[in-house]
Protein chains: 2
Amino acid sequence: MKLEKLVGDRFRERPSDCVIDSHALMVRGGYMKYVANGIFSSYMPLKRVTRKIEQIIREEMDAIEGQEVQFPVVMPASLWQESGRYESIGQEMARFRDRSGSPLVLGMTHEEAAVHLVRDYGQSYTKYPFMVYQIQTKFRDEARPRAGLIRVREFTMKDAYSFHTSQADLEDYYRKCHRAYERIYARVGLPEVISVASDSGMMGGNISHEFMLLTPIGEDSIAICTECDYRANMEAAECIVHNRRNEAARNLTLVHTPGIHRIEDVCEFLHCEEKDSCKAVVYQRNSDDHYIVLFIRGDLEVNETKLTNYLGYDLHPAVITEESGLNAGYIGPVNLAGDFTILYDRSLEGMSHLSCGANVSGYHYTGLDMSRDIEGAEYHDFAKIQEGGVCPRCGRPAIRVCRGIEVGNIFQLGTKYTRSMNMTYIDSNGDARYPVMGCYGIGIGRLAASICQAHHDEHGPIWPLAVAPWQVHLCAVRADDDEVRAYADRLYEELRSKGVEVIYDDRRVSAGVMFSDADLIGAPFRVIVSPRNRKQNVVEILSRDKSLSASVSMDSAAEEILKILSAAM
Amino acid sequence: MKLEKLVGDRFRERPSDCVIDSHALMVRGGYMKYVANGIFSSYMPLKRVTRKIEQIIREEMDAIEGQEVQFPVVMPASLWQESGRYESIGQEMARFRDRSGSPLVLGMTHEEAAVHLVRDYGQSYTKYPFMVYQIQTKFRDEARPRAGLIRVREFTMKDAYSFHTSQADLEDYYRKCHRAYERIYARVGLPEVISVASDSGMMGGNISHEFMLLTPIGEDSIAICTECDYRANMEAAECIVHNRRNEAARNLTLVHTPGIHRIEDVCEFLHCEEKDSCKAVVYQRNSDDHYIVLFIRGDLEVNETKLTNYLGYDLHPAVITEESGLNAGYIGPVNLAGDFTILYDRSLEGMSHLSCGANVSGYHYTGLDMSRDIEGAEYHDFAKIQEGGVCPRCGRPAIRVCRGIEVGNIFQLGTKYTRSMNMTYIDSNGDARYPVMGCYGIGIGRLAASICQAHHDEHGPIWPLAVAPWQVHLCAVRADDDEVRAYADRLYEELRSKGVEVIYDDRRVSAGVMFSDADLIGAPFRVIVSPRNRKQNVVEILSRDKSLSASVSMDSAAEEILKILSAAM
């Protein structure tokens, strides 16, 4: 490919709407073009990167007996009504009607389509296990697309679905797939990706893992133990608290706290620490604005994912009205009455000497003793794990909180979909049973952007060889010099004939323009033919990551390049 | 791949809803599964066929300097409003609103997206020509999906868009692309595909060609001259008529024809031939039901595509009401008055001695002389070319009408999209100009189905080697025989290790079941290991198309198979 013919503009200025480096570089390098919020077109360099990623994924899925299939992008609503998700999924699913008025949806995931495809086939236990996968475009109407290809509305994804006759067999396959994912990330140049326990969200099922690239620009928070191998998404991480009860008797005492609402102000006023207070956090149910009052230790934050999972419905932070019966700023667990759901985080269990609201404007209590003053409270884990918190696995206070990009996920779905969609098989005893499912996803565009995010400098991406749009960037500096051009043309043809993927820059532009374009295209190896090099009968070979800088004889340049490439593979 | 693990059912019964053989065989063979009207999932065998077709197309597009890119499936309405097609395309375009209420569409073609992608890049004449293409899923809400993958609503398509600074350069590239298409059809096993001149329809532009597989089950009609190389879609074929005027004087005479409406009954009653009558065909404009009355020679039919193109709006066959001012069954060109658009096909130009309606119920005229009786008539070509008709190229009455499946199309679009979307470049004189565009499409699924339609017998598809899901179908007949199994296992591994794509049937089923499954999977070569063959120390090799049947020594079987494959490639 001649660079001169490559469609797409490259430029120096960082676009003002690009928050993260990979997005800025992929716009500056002519990889992608904005079409609408969260919707992009790809130019050739990005298409080449994503096709290589897809091929690596395909090989690894095939290696674990996956069968590549294709599900539709557009599906009838009836398929999603079978599973119940037509109703349970909200605005993120695009819906429309066809010319006959039948409701259709755009696929954002394909559990329903997978069950539909194999429901007739999988009627006997002898057919199991099996896995089908596809690489296909999906649409999810995200509320807040961001960071270029990291969070988009239209995306290409590899999604795989496995079917089993037992949980044990699913777990066995799940481990196989976990290892396949590790190989995939290693092959695309991200061996540093880690897996973390995650919340299963709308997918259902219990056990699931996310594969995370740790990076400060990630939108997920991950709890990692520095003392053991515990790793979990914050959403799923258990918060361990060691409640130290103060046994000295102290009475519940009403204190006038006029105009003091916020927990930090209350504690300052009462000369206590936030961890010695009982804070109220109030939500409302989305469907009918019913109030949920959650009490939690004053220094902790609520993990809304745990709360939603516990309640089984969606909620939002409350707007506390006068009619609600709640005294905003003064809500406490003593004598709180009304049509509320009241919940207690286990950080409060057995605690004493706490301050809390008194449910009267301008008043708080001190000396709250949960065991003595609050009858019949049940305590659950609703708290966010914290930096320095206790590891749920090894028990040491060694939790670090990091940011990460989720570059893949795997779920043990159980029988959620086979049961709701009535897929059964006959087992060896002649009994009808529901197959157990797993599902396994990787977003291709997000992975490409993550590779760029992990491997770049201020000048451009530093693509790993396995996914680089081209392997070699050949620069003919001063292509107006006949001998430079003649040699570079020959070298280009020779490398191409040997199967090397070369982008060839023979434009009559300055070396500066050439090199900054080469930086943006990010091929792992750059080969420079120039009048000065020619005088010394050499060709320069540089690696994009600066680990290699060599001059080789013009006569053996092609051979040397092939050696370097084969060593790097 | 072991056949036992292949997801998908194969069965003998022809599904009652399958009208054409390829559809029936692809359902019976476990290639595809119905999801909704015109929407299918693909199992692994079909996915393997389509991926091979895609790769062949990709190679040929790359060979004519195409750059693979990707456009979105979901696009903002604004992009289609720019070109004017948001309004001009009807129900076939799926439309919906996102969570913020913004109107979106599903791409059914990507001219707008292509212009959007390259509009900034192509600002100087020095960047031209260039071509970008994608292979992507599209959705078109067809009113009448039919014949399995032949006419669907969701489909995967290769669509390419080229940009040029002159019509001459476009034509040059158009010819290159035409040749690339010929190579594609030859490589996928359909060298018999022909190109025919076509109507450009909603794409705009003037010159276009369709690539047709001639087959009685095709939904397109094609006019082919048996004496020269003229070939055109019926929709686009000019209808040549040699009007032979009878100069003998004859008066316009009113004849009582009570209750006689249809042209054939009128002609029988009046003892004249249909070709000596002037027939009225009435349409209504879709937007407001305005009447269009078209007069044409009684033996000819109206080509509605030509009529629509001439009028520039969509229409439908008329419902003639009492209030219309038209006398259904008695409409004629003499003294026809009212708020109608009146058109004349050129088959009537200068004709005399015609019978026609008298615009009075129960009466016709004889002796109509168009030149004498109809003033100011303009004649245009609105007629369908007919079997035995005159070739527009060589002038001989040698037209044959055939049926065909359109398996690709190429269009010279001109500046329709660049002009409406305001894409300009600066030419070498410093003037701003609109680039000239071409576009080039191939539907992947339809091509796969067409290959199956062209190459099958009653037992299954006979896939050409280049697109077959597997190259070799290895049958271990009596796999319960330890030696048969051991040998077949070894042969399977040996072939696989040499890169041969093998589907291996080692199930304990009868040879009959094995062979009928192999027929449905349609691998070009079948290799049979059996106790009887083993006794003779041979392996049988049969080609699916029955052209080859050989017994080779067990010791050299792998080698012989490789030889046969490489000879067939």
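Good morning. I begin with helix H7 of chain B, H7(B): what covers its buried residues includes strand E14 (277–285), strand E18 (354–357) and strand E19 (363–368) of chain B. Helices (H or I, at least four residues) and strands (E, at least two) are DSSP runs, numbered from the N terminus. Such covering rests on contacts, and two residues are in contact if their C-beta atoms, placed from the backbone, lie within 7 Å.

A word on conventions. The model is predicted, so local features need pLDDT of at least 70 and side-chain atom pairs count only at pLDDT 80 or more, while totals for chains, interfaces and linings use all residues. Residues are numbered from 1 along each chain as its sequence is written, and chains are lettered from A and ligands numbered from 1 in the order in which they are written.

To return to H7(B), residues 263–270: the buried residues are Ile263(B), Val266(B) and Cys267(B). These residues lie on the same side of H7(B), because they cover an arc of only 95° around the axis, the arc being that of the directions from the helix axis to the C-beta atoms. Buried means that 20 or more other C-beta atoms lie within 10 Å of the residue's own; with 12 or fewer a residue is exposed, and in between it is partly exposed, with C-beta atoms placed from the backbone. After H7(B) comes His271(B), with a positive phi near 55°.

Gly30(A), which follows H1(A), has a positive phi, near 70°.

Next, a sheet in chain B. Three strands form an open, antiparallel sheet in the order E4-E6-E5. Its edge strands, E4 (74–76) and E5 (95–97), each pair on one side only; two strands pair if DSSP finds at least two bridges between them. E5(B) is joined to strand E6 (residues 103–106) of chain B by three bridges, and Arg95(B) has Val105(B) as its bridge partner in E6(B).

How are the two chains related? The same surface serves both copies, since 100% of the contact residues of chain A recur in chain B.

At the interface, 43 residues of chain A are in contact with 43 residues of chain B. The side of chain A that touches chain B has 23 nonpolar, eight polar and twelve charged residues. Here Ala, Val, Leu, Ile, Met, Phe, Trp, Tyr, Cys and Pro count as nonpolar, Asp, Glu, Lys and Arg as charged, and the others, Gly among them, as polar.

Finally, chain A as a whole. Chain A holds 15 helices and 31 strands, and 49% of its 569 residues are buried. Its C-alpha atoms fill a box of roughly 95 × 65 × 50 Å, taken along the principal axes. Thank you.
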